[in-house]
Amino acid sequence: MLTIAGLSRKQRERFFLGGKRLPSKHCLGLAALSAKEINEILENAVPMKQVISRDIKKVPALRGKTVVVLFYEPSTRTRVSFELAAKHLSADTVNVSASTSSVVKGESLVDTARTIKALGADLVVLRHPSAGAPHLLARLIDVPVINAGDGMHEHPTQALLDIFTLRERKGTLKGLKVVIIGDILHSRVARSNIWGLTKLGADVHLVAPPTLLPAGIERAGVTVHHRPEEALVDSDVVMVLRLQRERQRQGLIPGVREYARMYGLNAARLALARPDAVVMHPGPINRGVEIADDVADGSRAVITEQVTNGVAVRMSVLYLLTLGRGA
Ligand code: CP
């Protein structure tokens, strides 16, 4: 067994001996996780981050396991970080993208799932354009399923890495004023973050044009604004979302330039936030649309930290779910 220098005995035990197990077999969304379960994943990500900070970024925790990364939509960050996370834990990985698989010949998700099961996968990571696809897969195959983004529904590991980054930066989520600004309607990142942040005690504010907000979202325990200037005052965190033009029906905004002028995060708007406020973006960024270059590249942006933390958080989820099956 590898020794991890610098970890407390408790952390070592948790990491290698399985001090804790994620109660659910799958990671489908933050709506279904308790604050305790979310904190469990985040705490387990701390030693994972120490692993990826070293020269040799590998531990034997998932040796002999096979992780299938099945993506029906494009991705850079999520796909690569899941693959790296699995490799750092010594799992074997197989990448399947819809465009190069038998999906293009008309194979259904159900048949693809049966094939993956028959090939002996130990865990499946799925991104799919339809909300609920990972839930369907979880019912069909007897291995853990991780939702890597399902339509406009949830993107749980993105929210987990966002919250992990905030915990590193701010210590606690309790009482933090978090402003989420952008295309909330089409954003699975927003939905998962709303669940996670509110469960952990953050004060969540949403800003978007009325056409880009889901009806009744206030019932999720958030405050809704239509003017960024109103929401940004004294905020601790500004989370900017991409304008998802590929999911939009026509006519939801007058135009991209108008949207950038009314809702884009620029230096003047950011000046309304607290001096120590951090700027987040899940990526990919539409520079000059939802965020100005100087803000995205500025000293208050933690966007690259989010990407790095994504590997640690996904290692944590992979480890806890695989361990939960008796690894
Ligand atoms: N944030 C995110 O999901 O990015 P990708 O689409 O590149 O995976």
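Residues are numbered from 1 along each chain as its sequence is written, and side-chain values use heavy atoms, with hydrogens and water left out. Because the model is predicted, local features need pLDDT of at least 70 and side-chain atom pairs count only at pLDDT 80 or more, while totals for chains, interfaces and linings use all residues. Helices (H or I, at least four residues) and strands (E, at least two) are DSSP runs, numbered from the N terminus.

The setting of β3 is an open sheet of four strands, ordered β2-β1-β3-β4 and paired in parallel; two strands pair if DSSP finds at least two bridges between them. The edges are taken by β2 (92–97) and β4, each of which has a single partner strand, so one side of each is left without a neighbour in the sheet. On average, neighbouring strands of this sheet are turned by 10° against each other, direction ignored. Axes here are lines fitted to C-alpha atoms, for helices over the stretch in contact, and angles run from 0 to 180 degrees between N-to-C directions.

Strand β3 spans residues 123–128 and is mostly covered, with six of its six residues buried. Buried means under 20% relative accessible area, exposed over 50%, and partly exposed in between (1.4 Å probe, protein chains only). In a regular strand the side chains alternate between the two faces of the sheet. In β3, L123, V125 and R127 point one way, V124, L126 and H128 point the other way, and all are buried. Five bridges link β3 in the parallel sense to β1 (residues 66–71), where V67 stands opposite L123. Towards β4 (residues 145–150), four bridges join the two parallel strands. Together with helix α5 (residues 133–140), β3 and β4 make a right-handed β-α-β unit; right-handed means that, with the strands pointing away from the viewer, the path from the first strand over the helix to the second runs clockwise.

Turning to the helices, α2 (residues 35–52) packs against α6 (residues 156–170) at an angle of about 70°, with the axes 10 Å apart. The two helices are therefore roughly perpendicular to each other, a label for angles of 65 to 115 degrees (under 35 is roughly parallel, over 145 roughly antiparallel, the rest oblique). On the α2 side the contact, meaning heavy atoms within 4.5 Å, is made by I38, N39, I41, L42, E43, A45, V46 and K49, and on the α6 side by L160, I163, F164, R167 and E168.

V189 lies in helix α7 (residues 188–199) and counts as buried at 9% relative accessibility. Although 34 residues separate V189 and H155 in sequence, their C-alpha atoms are 5.3 Å apart in space. Neighbours within four places in sequence aside, V189 is in contact with H155, Q158, D162, L241 and P282.

Some backbone details deserve a look as well. Most residues other than glycine have a negative phi, and most peptide bonds are trans. S90, in the loop between α3 (77–88) and β2, is not a glycine but has a positive phi of about 75°, and S90 is buried, with a relative accessible area of 17%. D234 also has a positive phi, near 60°, and lies in the loop between α8 (228–232) and β8 (237–240); at 48% relative accessibility, D234 counts as partly exposed. Finally, the peptide bond from G283 to P284 is cis, with omega near -10°, and P284 sits in the loop between β9 (278–280) and α11 (293–296).
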